[in-house]
Structure formats: C-alpha cells, structure tokens
Amino acid sequence: LVGGAGGGSPLAAALIAVLTAVTAAGAKEAAWLVNASAALYAAVVVAIVAAGLPHVAAANYLPFLPYGLSGALSGASACFFAYIGFDEVAAFADEAAAPARDVPRAILTSLAIVSALYAASSAVLVGMVPYRALDGAAPFAAAFRTVGARRVGAAVAGATAVGMQNTALMGLAAQPRVLAAMAADGLLPGVLGRRRRASAVGCGVVVAALAGGIGTTDLTDAV
C-alpha cells in the first residue's frame, strides 16, 4: 500500500475509495467495521507482545539510554505524531448519548489503552533485537524474522494493514463532521453542514488523489 518518494500507491487510493463508500453510508453502517477492526488490531498487538516475550534478552536493553536524554526526547517527539487522531473522537460528540460524559471517557480510555500497548510492544521489540539492528521500515516483522518466528512476522504485516485501514477510516469519518461544525460556526460555507454525505465523498476524493499521486515520504514530510 505504501508508495515511496515521488510516487503514490494505486492500492492506497483504492482502499480510500472503499472506506469513503463506507463512511458515506452513515455512522451506524461504519460502526461495525470500526469496532471489529479496532478489536482485531488490539488483539493482534497483545498476541505480538506475548509471542515476543520469550525472545527478549536482557542484554539488549544495555546501554539503556544509548543516545542519552537528548535521544530519548528526540524519539518522544517522533512518537508524538502517533497520538494524532485521538481528538477525532470529539467530532462524534453530536452522536453520543451523553457527550459531556462519554467523549472525555472515550478519549482518556483509548489513550490509556493505546499508550500501554505502545510501551509494551516497544519494550518487547528492543528486547528482541539490539537497537542498532532494528529495521526502520518494518521493525516488528523484521525482528520476528531475525529470531526465527517468520509466521509471527507475517501476522505483524497483516496487523499493520488492519491498523492502517482503521486509522484511515476514522479520519475519513471525522473530517466531514469537523467541516460541518466549522460551517455551523460560519467559518465555511453552510452547504458543508447540510450535505454531510457529499462532504464525506469530497474528502475521500481528495485523500484518494493524494494517496494515489504523492509518495508516502513526501506526504510525511509535508505533515
């Protein structure tokens, strides 16, 4: 699905088209896919951590801070981008039964669960393979191949694909609602608030064009 620098991915554009059709159908129709993919992805991450634990070697944690505090801060700044998107939960406040209660709980609960999964998986990854030998492109899959667990590595690749589509689906579902809220405040044309389905399709078309025409590296640099 990933396109390199200078070129997009037709498969990514096709995936966005399918997810756009799901979001345009409505929130209730998309809810089952969001819930199922999120549960599957979390289960796979837990399984990956459990499968990696027997391969952890304490010696791989030394030195514990090879690049010092500055290296830890640099890594934390990169990980920050992994937390972008939790605010999208607030975009669904109008559809919550008790938004003042449910939205903060949803954001904080999801943050806690994902942070725990991030920390556990990162600890297992570094314990499996020396940090200098980590593959930056596909670290988990490569780490399991290094320790001889190729089947787990293949499962990791599949889980990554599930996580990518779930992230894309949530972004596509939230964006029309953000535009509608801005339209209600007078910041955008009112038609964006009245025709949410058309707005969802428009967002999907723009995202699919970007995914199909621009490489992932270039898009990442732009962000």
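Here is a guided walk through the structure shown above, from its overall build down to single residues.

This is a predicted model, in which local features need pLDDT of at least 70 and side-chain atom pairs count only at pLDDT 80 or more, while totals for chains, interfaces and linings use all residues. Residues are numbered from 1 along each chain as its sequence is written, and side-chain values use heavy atoms, with hydrogens and water left out.

Let us start with the whole chain. It has nine helices and zero strands; here helices (H or I, at least four residues) and strands (E, at least two) are DSSP runs, numbered from the N terminus. The C-alpha trace spans about 60 × 45 × 35 Å along its principal axes. Of the 223 residues, 26% count as buried. Buried means under 20% relative accessible area, exposed means over 50%, and partly exposed is in between (1.4 Å probe, protein chains only). A contact means heavy atoms within 4.5 Å, and among the contacts with a separation of 6 or more, 71% come from residues 24 or more positions apart.

Now look at how helices meet. The axes of H1 and helix H8 (residues 196-213) come within 8 Å and cross at roughly 170°. Axes are lines fitted to C-alpha atoms, for helices over the stretch in contact, and angles run from 0 to 180 degrees between N-to-C directions. By class, the contact of H1 with H8 has 10 nonpolar, four polar and one charged residues. In this scheme Ala, Val, Leu, Ile, Met, Phe, Trp, Tyr, Cys and Pro count as nonpolar, Asp, Glu, Lys and Arg as charged, and the others, Gly among them, as polar.

Leaving aside neighbours within four places in sequence, threonine 20 is in contact with Leu172, Ala200, Val201 and Gly204.

Helix H5 (residues 139-146) and helix H6 (residues 150-184) have axes that come within 7 Å and cross at roughly 170°. H5 and H6 are therefore roughly antiparallel to each other. Among the residues of this contact are Phe140 and Phe144 of H5 and Val152 and Val156 of H6. Within H5, Ala141, Ala142, Ala143 and Phe144 are buried. Just after H5, glycine 148 takes a positive phi of about 90°.

Finally, two side-chain pairs. The structure holds one aromatic pair. Tyrosine 67 and tyrosine 131 form it edge-to-face, at 5.9 Å centre to centre and 85° between the planes. Rings of Phe, Tyr and Trp (its six-membered ring) pair if their centres lie within 6.5 Å; planes under 30 degrees apart count as stacked, over 60 as edge-to-face and the rest as tilted. Tyrosine 67 is exposed, at 55% relative accessible area, and tyrosine 131 is partly exposed, at 24%.

The other pair is a salt bridge, meaning a side-chain nitrogen of Lys or Arg within 4 Å of a carboxyl oxygen of Asp or Glu. Aspartate 102 forms one with arginine 101, their closest N and O atoms being 2.7 Å apart.

Terms used
Parallel < 35°, antiparallel > 145°, perpendicular 65-115°, else oblique.
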